[in-house]
Amino acid sequence: MKQKALAFSSWVDRGMFWITPSLLVLGLICSQPLLPLVPTIPYLFAYITFVMGVGCGREHLKHVFSRPFPIILTLIISHLIAPLAAFALGSALFGASSPYTIGLVLFTIIPLGVSSVLWIELSGGSMALGLAMVLLDSALSPLVVPGLIQLFFGTELAFDTLHLMRDLLLMVVVPTALGVVIYERSGGTFKKQAGPVLLPISKIFFMLVILLNAAGIAPYAYELRGDLASVIPAVLLLVGIGYMLGYYMPLLFKQRVPELLVTISFATGMRNNSLGLVLALGYFSPQAAVPVVLAILVQQPLATLHQLVLRKFKPYPMKESLR
């Protein structure tokens, strides 16, 4: 049974390149019966984060915050360089005041995606660093997002800070803290012992998250379908730029540790698009939501492509803790 469970986890890891787009298509096609399950996504994330947390102790987190340069660099790439690139790209293609340009910039200034931690763990990066960056960036988002929107477009923006923090607590803070406590109490052995049960379930939940996210955006994708084709190239380019900046910028500062490059590249390439969609629909025109909807569709497939490139051309050891 143990071998079958671990074999299933390994199969999911190897098959993410085709599993991810298949689940996205299935979620879009079968959205109606799946829509009632969309509210379960934060709870599925919470379990996944807990499973990662039981492999991380206090010393791991202390080590991350004692060397803050990777975190600072990630935030600069994500919320300074990437927004400038998005504004320049949108202005060149659609005009500076276009709602598409607003949507592109909005994608780059929303918080780092919780799902980036999953890809970091799958690809041999630092889970502790990934969790720390997501946690810190989400905590700063009530200041960062309105401030950058006002800087670029002069728009006063207020959003539900308490709701954001509640989701952050549910998906990241509480399950991570619980996982760290269990790690410490078990002397780091709990995940190894319970892995054959915990890991396959976490992989199933991860696939469900992709499926349900696709189902959740299906109504918006249908309503905005006439605008999708004209914006797809810009979104693909922008998301790809995020992964590239995250990989190559650390090299300029002589940060060549493979684990660090993997972590920063996934963190800078993925965003909390659910929040971006809410902001786009709530404070701007529906056209501003088009880049965010497309980002949700392409972000996961590009993550699988990025992982494939890392494995093929930069043969970093994939971590066994999720296998």
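**Figure 1. Trp119 and Phe206 in a buried aromatic cluster.** Trp119 is buried, and so is Phe206 (buried: under 20% relative accessible area; exposed: over 50%; partly exposed: in between; 1.4 Å probe, protein chains only). Ring pairs join Trp119 and Phe206 with Tyr243 and Phe266 in a cluster. This is a predicted model: local features need pLDDT of at least 70 and side-chain atom pairs 80 or more, while totals for chains, interfaces and linings use all residues. Residues are numbered from 1 along each chain as its sequence is written, and side-chain values use heavy atoms, without hydrogens or water.

**Figure 2. Two edge-to-face pairs, Phe69–Phe253 and Trp119–Phe206.** The structure holds 8 aromatic pairs (ring centres of Phe, Tyr or the six-membered ring of Trp within 6.5 Å; planes under 30 degrees apart are stacked, over 60 edge-to-face, the rest tilted). Phe69 and Phe253 are one of them, with an edge-to-face geometry. Their centres are 5.4 Å apart, and 65 degrees separate the planes. Phe69 belongs to helix α5 (residues 69–94), whereas Phe253 sits in the loop between α11 (225–252) and α12 (258–269), so the pair ties together parts 184 residues apart in sequence. Phe69 is partly exposed at 32% relative accessibility. Phe253 is also partly exposed, at 41%. The Trp119–Phe206 pair is edge-to-face too, with 5.8 Å between centres and 75 degrees between planes. Trp119 lies in helix α7 (residues 115–122) and Phe206 in helix α10 (residues 190–223), so this pair ties together parts 87 residues apart in sequence.

**Figure 3. Lys254 in the α11–α12 loop.** The loop between α11 and α12 holds Lys254. The backbone of Lys254 has phi near 60 degrees. That value is positive, in a residue other than glycine. Lys254 counts as exposed, with 66% relative accessibility. Phe253, in the loop between α11 and α12 as well, is partly exposed.

Figure 4. Ala85 is part of helix α5. Ala85 is partly exposed, at 25% relative accessible area. From Ala85 to Leu238 the sequence separation is 153 residues. In space, the C-alpha atoms of Ala85 and Leu238 lie 7.8 Å apart.

**Figure 5. Tyr220 and Ala234, 14 residues apart in sequence.** Tyr220 is found in helix α10. A relative accessibility of 34% makes Tyr220 partly exposed. The C-alpha atoms of Tyr220 and Ala234 are 19 Å apart in space.

**Figure 6. The whole protein, for orientation.** The protein has 14 helices and 0 strands (DSSP runs numbered from the N terminus: H or I of at least four residues, E of at least two). Its order along the sequence is α-α-α-α-α-α-α-α-α-α-α-α-α-α. Along the principal axes, the C-alpha atoms fill a box of roughly 55 × 45 × 40 Å. Of the 323 residues, 54% count as buried. Contacts (heavy atoms within 4.5 Å) reach across the chain. Among those between residues at least 6 apart in sequence, 84% join residues at least 24 apart. The protein exposes about 14200 Å² (Shrake-Rupley, 1.4 Å probe).
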